[in-house]
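I set out to record what I looked up in this entry, chain by chain. The sequence and the structure come next.

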Amino acid sequence: MTTPLLEVRKLAKTFPVRHGFMGGRTGTVHALCDISFSVAAGEAFGLVGESGCGKSTTGRAILRLIEPDAGTVLFKAQDVYRADPRRLRALRREMQIVFQDPYSSLNPRRTIGQTLSEPMRVHGLGSPREIRSRVRALLAEVGMPVDAAEKYPHEFSGGQRQRIGIARALALEPELIVADEPVSALDVSIQAQILVLLRGLQRSRNLSFVFISHDLGVVRHFCRTVAVMYLGRIVERGPVPAIFDAPLHPYTRALRSASPVPDPKAKVIMMKLEGEVASAMAPPAGCHFHPRCPQAMPICSEVYPGWTQVTPDHGVACHLYPSPASEDAPRAQ
Amino acid sequence: MSSAPALVVDRLTTEFRIDGRWHAAIREVSFAVGRHETLALVGESGCGKSITALSIMGLVPRANGRIASGRVLLDGRDLVQLDERELEATRGGAIAMIFQEPMTSLNPVLPIGFQVAETLRYHTSLSKAQARAQALALLEHVKIPSAAQRFDDYPHHFSGGMRQRVMIAMALACKPQIVLADEPTTALDVTIQAQVLALLAELKAETGMALIFITHNLGVVASIADRVAVMYAGDIVETASVEALFAHPTHPYTEALLSSIPRVDRDAGALKPIAGQVPPITAMPAGCRYADRCPLRVERCATMPPLVALSGNREHEVRCWVRTGDGGAAS
């Protein structure tokens, strides 16, 4: 197997919290635990889960926007956390991020042209004249009119601003883009425009994506491989068709069946999951999902399940699938 | 519908003043909702679905908005003609509303039990103790775990899903005939959304209330609605039973909207986005408002098409010259 473009190994991150009067009491949020996956060149890898599951923290840790407590991130076999400042700057040219809300991530006092040319100036890519022509090319590439360069962010709609956010991420010719809920704030018709744009860029530039979303439909459409997260851990990982059509983990199944389908005939299969996500400050002992799990067994409240590779590319962390993974790994009822 | 509808909206037009001129945010919107029925108002940002709800509730901001014409009939009374005092007696009584973000609709400095009881005290002659007992029963009814212990907790102690349950309890406190829910599950995670949708369906079946459910999410529409009205740029462009709408989407906008959804139950087909964007309220075209983005546009689309019943299904109405077979020679 060739070296993957991105390899994430056993990432862990906790955040201290202070609360109570004057910040007296303290606690710890277990944001990430044992996160591992890899992304091939040109691949779109999805991270899905509900609020607070750690998917955005994972995205930021990949770019070293936050420092994890443990684990490694290898980008083209180079350790992102051990890179010296010069090397890190070079690495950041190759890894960029697109945020959910392009309005809060664009400087309202700068024209779009200034915003797009800044990263090129910072990295010393070309003369002012070359940079101006690159800005025009970038705007065209994301489907914006050329005169957008002279305008300010407030003059654009949400969909257009997201196009600008994408153009900025592309300015340094990255190989990997971490896209954190890039279409969640958009109406469906505009969301589809942005997804089509991202897919086109993925093909024309052979871009890799870590695509973070709470919307299973969007992930199914855009990604080839997906990891499902729950309370800071990956509970299932595999190819998109398998995860969506034959999910193994009871949480993945619940998430799948709770995701609305635009077909009235499908409504009867809505499976109800009792209870709510536990606090990340005090995750339940054993499997974090067991208090809500319809198939919980006694062991589930005692031991966190190990990782079982059910097929070579489809794995799950669940006691329903005991570790000695063999051809006839037991399937859930 | 066999019995009299719970609510009738008749040619409702609501306008807003922008730079000294009045512009219609919704135009001549008409529909009726029957008892036991869930009508979904669906559309994208700016289509007028929330303005429709605010107009029904008499909550259009007076500073720059007005109901220009039309009627909202509840029990034979026209809500548009009521003064503020009469409206206050009706809101939270016979007609109630649930908003998207419960945190901004609940008072953060009052315990939730008190807030539910307050609704009852305002609209009924219950004593303080009776209102408290009934508020507790309501919180149990919407399945707030250990409701008695949590009665005196404040909104910030609750999760988003639990807060929305509190809002539902408040809305149902006075047994309304009709509840308007404006994106009530949009801020929630999908597993919690499924719980809240199931709760609403259960309560509706139990009380017979009519429900107007406003959402941008066609998946949610499919799982909760009986009938659907699709809105675009202030107009209802298509209305049908939920089965007919999803099986035979007929307005080009409805059709395009459905094929722009990335579906969780199907492998990635090619998404077909709708090119362009909704025209701004200050520059609405005179004719069909979707014409600019429509692949089927003909000359006649420069004039406004009426909402016309399809010949095969009288309850399926579409606002389109081409699709209702009246597009002229070009179609």
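Which residue in E5(B) is the bridge partner of B:Leu73? I found that B:Leu73 has B:Asp78 as its bridge partner in E5(B).

**Conventions.** I note that this is a predicted model, in which local features need pLDDT of at least 70 and side-chain atom pairs count only at pLDDT 80 or more, while totals for chains, interfaces and linings use all residues. Residues are numbered from 1 along each chain as its sequence is written, chains are lettered from A and ligands numbered from 1 in the order in which they are written, and side-chain values use heavy atoms, with hydrogens and water left out.

**Sheet of chain B.** I took helices (H or I, at least four residues) and strands (E, at least two) as DSSP runs, numbered from the N terminus. Two strands pair if DSSP finds at least two bridges between them. I read an open sheet of four strands in chain B, ordered E2-E1-E4-E5 and paired antiparallel. Strand E2 (21–33) and strand E5 (77–78) of chain B each have a single partner strand, so one side of each is left without a neighbour in the sheet. Helix H1 (residues 49–57) of chain B packs on this sheet and touches strand E1 (7–18), E2 and E4 of chain B, contact being heavy atoms within 4.5 Å. The direction of H1 makes about 80 degrees with that of E2(B); axes are lines fitted to C-alpha atoms, for helices over the stretch in contact, and angles run from 0 to 180 degrees between N-to-C directions. I also noted that strand E4 (residues 65–74) of chain B is joined to E5(B) by two bridges.

**Sheet of chain A.** I read here an open sheet of eight strands with mixed pairing, in the order E6-E7-E8-E3-E9-E10-E12-E11. Its edge strands are strand E6 (95–98) and strand E11 (307–311) of chain A, each pairing on one side only. The twist averages 20 degrees from one strand to the next. Strand E7 (residues 176–180) and strand E8 (residues 208–213) of chain A run parallel and are joined by five bridges; A:Asp180 has A:Ile212 as its bridge partner in E8(A).

**Interface.** I found 44 residues of chain B in contact with 37 residues of chain A. About 3500 Å² is buried between the two chains, 60% of it from carbon and sulfur atoms; this is the accessible area (1.4 Å probe) that two parts lose on being put together, summed over both. On the side of chain B that touches chain A, the elements giving two or more residues include helix H7 (160–172) and helix H8 (190–207) of chain B. H8(B) gives the largest share, nine residues.

**Confidence.** The predictor gives the complex an ipTM of 0.86 and a pTM of 0.89. Mean pLDDT (the predictor's confidence in each residue, from 0 to 100) is 90 for chain A, and chain B averages 92. Over residues 325–333 of chain A, pLDDT stays under 50. Where pLDDT is low, the predicted coordinates should not be read in detail.
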